[in-house]
Amino acid sequence: MALPVSYSLRNIQARPGRSVMTAGVIALVVVACSLFLGLISSLKRTLVSSGNPMNLVVMRKGSDNDGASQLSLEAFQAIRFFDGIARDAEDRPLASPELVVQPFFRTRAGGRENVLVRGVEPMAVMVHDQVRITQGRMFTPSAHEVIVGRGVLGRYAGAELGNDLAFGRGTWKVVGIFDAAGSSFESEVWVDVRELANDAKRPFPYSGIRLRAATAADLESLTRRIDDDPRFALEAQRETDYYTKQSQSANTLYILVIGIAVLAGIGAGFGASNTMYAAVQARTAEIGTLRALGFSRRAILSAFEIEAVALSAVGFIVGAVCALALSAVLRLLLGGIAFGAATFTTNVITLQLGGSDFIGALILALIIGLCGGLGPAWRAARLRPIEALHKA
Amino acid sequence: MKYLGFILANLGRNKLRTVLTGGAIALAVVLVCLLLTMPDGLDSLLNTIANNTRISVHNKAGVVYSMPYAFTRKVRQVDGVAAAVAMTWFGGAYEEAGRVTFPSFAVEVEHIGAVYPDYPIAAAQLADFQRYRDGAIVGRQLLRKYGWKIGDRVTLRSTVWPVSLDFRIVGEIASDRAPLFWMNREYLDQALTAQGGPGLGIAGVIWVRAGDPNRVNAIMRQIDDLSRNSDAETASETEKSYFANFFGSLQGFVTIILIITGLVALCIVFIAANTASMGVRERAGEIAILKAIGFGRRVIFSILLVEAIALSAAAGGAGVCAAVGLTKALGTFAGWSDTIGPLGNFIVTAPVIVEGIFLSLFVGMLAGVVPSYGAARKSVVESLHEVF
């Protein structure tokens, strides 16, 4: 016969001080674990969400990112009329020629960071349909105007609506602010593609083309046609693949933070186990009595395991709530968190804890409870009833 | 000293608990040491790779905005400049290992040695670098990682230039701090011209070595004055500041890691305080007897406190050793995979070891003081009463 669950739960309440401490330690580990995971998944989400499954990135063969690629005007003129590219209401193909440059920007704090500046044509907002201008207006070509992403706003000197922003060889007037559904475009500055090419003195007008396929089947055929075209030595890949590859640089951080979380978890497990051993010791007589009454070893074992797991569950709930609060505080204090990602440009991410981060922390907390409780529960189950009663 | 046996016996009384408590503290110390290596590692990395006489000259607008190659010659004529070399990013991808990239640059072979006299490169290898047009000098880490030897031929495809070039490795930079691949600038220039392109008329960064460290600021000013009002105005800065800016965008991330280090440290104090108070409470009767037979409060307090500190100090020592071992292991495995690679740069330095040991002593004090004080203060009658 099993012991009622309420026996285990009431035992937790029987020694509130120690229970609170053990749960507190587990809660701290949960906070650390979920924040770490949240940080990295936010970075990954930011990058991965930048890709549109129907879009293709066209770059020079061998380039691994926008910034390193080059593309001629002739190549753009030819590719834009390929079959299978979606068209807008006025029957213009949804192909956006873009030039990417990473100049220095002065941060408010006085440092400097590489920011991705994307030279575009008005067509770009049709191809990148997450991008929406929320304040101000689109830039006018040849007027030295720019629009800036939400993440850039306020981070750099002059990056505010109506102010002058200095980068490259000149100063640019900020006339609009855009939102891009949390994707990495929000860490970019957009400007007229010809003006940017002049400023950066690039030998080629573009670094790549982003285009929208009309149907899923066209994705394949367009990719093949661009890859095989002998005139330009270009290659196409899905935009989602492109950004997934960019986000792989975050995998190192994943290993780092998971290592840290596991180490902290083992430490907390030692603490939990200590508390449970003490609980077993204090209740030797009680366990002896239960055994004498006919409760099996398995019943005792599971009662103590339930106690340990319940303790870690309490720790998880407290920790999760704290982590949510802390992430909100961090968002408020730090605003966006800057990451220097693979292409040496700065990505400003918003720390957002998601379900998967908490699931990771929950698994860690439960393992701490299960493993930490196993030794003590085993000892309790192995007590001989007569000796245990004798001790009392 | 005469109480030493007593203290050790007390620690050995509940071995399992002592081990668990010590283990928890040791793990926490490992964690804190590892986290402390991040800012420290960055700083020591900067100090070891950066040289106080080396100056980076690049376009004011950014490293991707280049300078005319001819500017290098002007820089060389500036008073106080011992040597200068133009470097251009090649962005080579090694396709045989799955398109991996590492820092690869086209450099002027006749000047590179004079700008980097602190890099351990054999003179004969530098001479070979000048002799063979397709020569390359490669950092030791890269040689080890891809199993290359001097004399091997490798092909890198540029991610920046439309070329794919064959190289003959003629020398190594015998340092683990320079995972670089240097090639002959003329080789790249000729390859680009052969394709009908305009050739390599630009320099990404010009590295300058000042003859006298005290004149670095004056030289930087002079160089920037030279380019004033030209098409490519330059910004000069010291090598350390160049690399510090390079890593600057990780600041926010490091801040968060440090905040969480604080949390983890708090975690240790919780565990240790909890366990220490358990040990003292259990021994209430014994402590009362000690007092009853005449031991003073102060002696009892000290014995209990020393016990807590001894445990945490031993655990802290073990933790520091483990942290050193772990980073050494990471350093060894760093070559195995690109994902672990960057983690190999973290090295537990002497200050971190000292900080780790201090932390463990502090935890011991904190965990020991409250319960020991309480136990030492309780009246004999009260304690004996509780027990019997």
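This is a predicted model: local features need pLDDT of at least 70, side-chain atom pairs count only at pLDDT 80 or more; totals for chains, interfaces and linings use all residues.
Glu387(A) and Ala285(A) are 102 residues apart along the chain, yet their C-alpha atoms are separated by 9.0 Å.

Let's step back and look at chain A as a whole. Chain A holds twelve helices and 14 strands. Its radius of gyration is 29 Å, while the globule rule gives 21 Å for 392 residues; the value for chain A is well over that, so the chain is more spread out than a compact globule. You can see this in the outline too: the C-alpha trace of chain A spans about 95 × 45 × 35 Å along its principal axes.

How much of chain A is buried? Of its 392 residues, 51% count as buried. As for how the chain folds back on itself, take the contacts between residues at least 6 apart in sequence: in chain A, 83% of them join residues at least 24 apart.

Now to some helix pairs in chain A. As a reminder for anyone new to this, two packed helices are described by the angle between their axes and the distance between the axes.

My opening pair is H2(A) with H7(A), where H7(A) is residues 239-247. These two pack at an angle of about 155 degrees, and their axes are 8 Å apart. That angle makes H2(A) roughly antiparallel to H7(A), since the label applies to angles over 145 degrees. The crossing of H2(A) past H7(A) is right-handed. Which residues meet there? On the H2(A) side they are Lys44(A), Leu47(A) and Val48(A), and on the H7(A) side Tyr243(A), Thr244(A), Gln246(A) and Ser247(A). By class, this contact between H2(A) and H7(A) has three nonpolar residues, three polar and one charged.

Next, please turn to H8(A) and H10(A). Their axes lie 11 Å apart, and the packing angle is about 140 degrees. H8(A) and H10(A) are therefore oblique to each other, and their crossing is right-handed. From H8(A), the contact uses Ala272(A), Met276(A) and Val280(A), and from H10(A) it uses Phe304(A), Ala308(A), Leu311(A) and Ser312(A). Sorted by class, the contact of H8(A) with H10(A) has six nonpolar residues, one polar and no charged ones.

H10(A) also packs against helix H1 of chain A, residues 5-14, at an angle of about 55 degrees and with the axes 9 Å apart. That makes H1(A) oblique to H10(A). H1(A) passes H10(A) in a right-handed crossing. From H1(A), the residues involved are Val5(A), Tyr7(A), Ser8(A), Leu9(A), Asn11(A) and Ile12(A); H10(A) brings Ala303(A), Ile306(A), Glu307(A), Ala310(A) and Leu311(A). Eight of the residues in this contact of H1(A) with H10(A) are nonpolar, two are polar and one is charged.

Let's move on to the second chain. Chain B has 14 helices and 13 strands, and 42% of its 388 residues count as buried. Among its contacts between residues at least 6 apart in sequence, 80% join residues at least 24 apart.

Gly331(B) is 40 residues from Lys291(B) in sequence, and 54 Å from it in space, C-alpha to C-alpha.

Finally, how do the two chains meet? In this model, 55 residues of chain A are in contact with 45 residues of chain B. On the chain A side, the elements giving two or more residues are helix H2 (16-48), strand S4 (112-114), helix H8 (251-282), helix H10 (297-334) and strand S13 (337-340). Which of these gives the most? H8(A) does, with 17 residues. The side of chain A that touches chain B divides into 32 nonpolar, 17 polar and six charged residues.

Technical notes: Residues are numbered from 1 along each chain as its sequence is written. Chains are lettered from A and ligands numbered from 1 in the order in which they are written. Two residues are in contact if their C-beta atoms, placed from the backbone, lie within 7 Å. Helices (H or I, at least four residues) and strands (E, at least two) are DSSP runs, numbered from the N terminus. Ala, Val, Leu, Ile, Met, Phe, Trp, Tyr, Cys and Pro count as nonpolar, Asp, Glu, Lys and Arg as charged, and the others, Gly among them, as polar. The radius of gyration is taken over C-alpha atoms; the globule rule is 2.2 Å times the number of residues to the power 0.38. A residue is buried if 20 or more other C-beta atoms lie within 10 Å of its own, exposed if 12 or fewer, and partly exposed in between; C-beta atoms are placed from the backbone. Axes are lines fitted to C-alpha atoms, for helices over the stretch in contact, and angles run from 0 to 180 degrees between N-to-C directions. Angles under 35 degrees count as roughly parallel, over 145 as roughly antiparallel, 65 to 115 as roughly perpendicular and the rest as oblique. A crossing is left-handed if the near helix is turned anticlockwise from the far one by less than a right angle, and right-handed if clockwise.
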